[in-house]
Amino acid sequence: MDSTVWIAILTGGTAILTGWVTSLGNARAARIQAEASAKAQHHAQIREARRTAYLEFLEQAHITGELYYRLGDIYMQLTQPDEQLKKIQDLRIALRDAYDPLARCARVVLLEGPEAIASTAEAVKQAATDANGALWEIAQDTPDARSRFDSAHQVFRERLQSFIETARATIDSP
């Protein structure tokens, strides 16, 4: 065979080998890019699910907190103990209705995680339980029940603030 044929065979073989290596590299790069894109999309979905859970929990906590503030209004606006007791009972009913959605949202936060935010949501829910119990004591005319309620309400606000700070810190964590 003459050298032209050998050069053609060598050039053709080199082209085939180069094309094969290039296609392997392109396939690997495409796979890496697809994996990175899927990972980024998964992270975005987790972030959005957490954000939604945290916002719904905050909304329910806000409703509960607004109801707690109404106790002060009852004492300021009504002077007759019978009228106060009636409004306190109405307030207790409203808080009972608000508690279930708060507890449900706390469970959703627990599912979405991470652990740090789940424990702060549980702490807010427990503070609401304590404040609601203190309000029941007020309705029963238990001595010092109002100061226990005020303390429980303060704890509720502090734990809610802790939840907000933890949520802010964990919203972007994987």
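Helices are DSSP runs of H or I with at least four residues, numbered from the N terminus. The model shown in these views is predicted.

**View 1. Helix α1 from end to end.** Helix α1 covers residues 3–77. It has 75 residues, and the distance from its first C-alpha to its last is 109 Å. That span is close to the 111 Å expected at 1.5 Å a residue.

**View 2. A nonpolar surface patch that includes V21.** The patch is formed by L17, W20, V21 and L24. Together these residues have about 420 Å² of accessible area. V21 belongs to helix α1. V21 counts as partly exposed because its relative accessibility is 47%, and the class lies between the buried limit of 20% and the exposed limit of 50%. An α-helix has 3.6 residues a turn, so residues three or four places apart point the same way.

**View 3. The buried residues of α1.** Buried positions in α1 are R50, A53, Y54, F57, Q60, A61, T64, G65, L67, Y68, L71 and I74. The packing partners of these buried residues are helices α2, α3 and α4.

View 4. T170 is located in helix α4, which spans residues 145–170. T170 counts as buried because its relative accessibility is 10%, where the class requires a value under 20%. Leaving aside residues up to four places away in sequence, T170 touches R50, Y54, P114 and I117.

**View 5. The cis peptide bond at P114.** The bond from G113 to P114 is cis, and its omega is near -5°. Most residues other than glycine have a negative phi, and most peptide bonds are trans.

**View 6. Positive phi at D141 and D144.** Phi of D141 is near 60°, and phi of D144 is near 65°. Each value is positive in a residue other than glycine. D141 lies in the loop between α3 and α4, and D144 is found in the loop between these helices as well. D141 is exposed because its relative accessible area is 66%, and D144 is exposed because its relative accessible area is 56%; the class requires a value over 50%.

Notes:
Residues are numbered from 1 along each chain as its sequence is written. This is a predicted model: local features need pLDDT of at least 70, side-chain atom pairs count only at pLDDT 80 or more; totals for chains, interfaces and linings use all residues. Side-chain values use heavy atoms; hydrogens and water are left out. Helices (H or I, at least four residues) and strands (E, at least two) are DSSP runs, numbered from the N terminus. Buried means under 20% relative accessible area, exposed over 50%, partly exposed in between (1.4 Å probe, protein chains only). Patches are made of residues with over 30% relative accessible area and no salt bridge: like charges are joined within 9 Å, nonpolar side chains (Val, Leu, Ile, Met, Phe, Trp, Tyr) within 5 Å. Accessible areas come from the Shrake-Rupley method with a 1.4 Å probe; for residues, only the protein chains shown count as cover. A salt bridge is a side-chain nitrogen of Lys or Arg within 4 Å of a carboxyl oxygen of Asp or Glu. The expected span of a helix is 1.5 Å times one less than its number of residues. Contact means heavy atoms within 4.5 Å.
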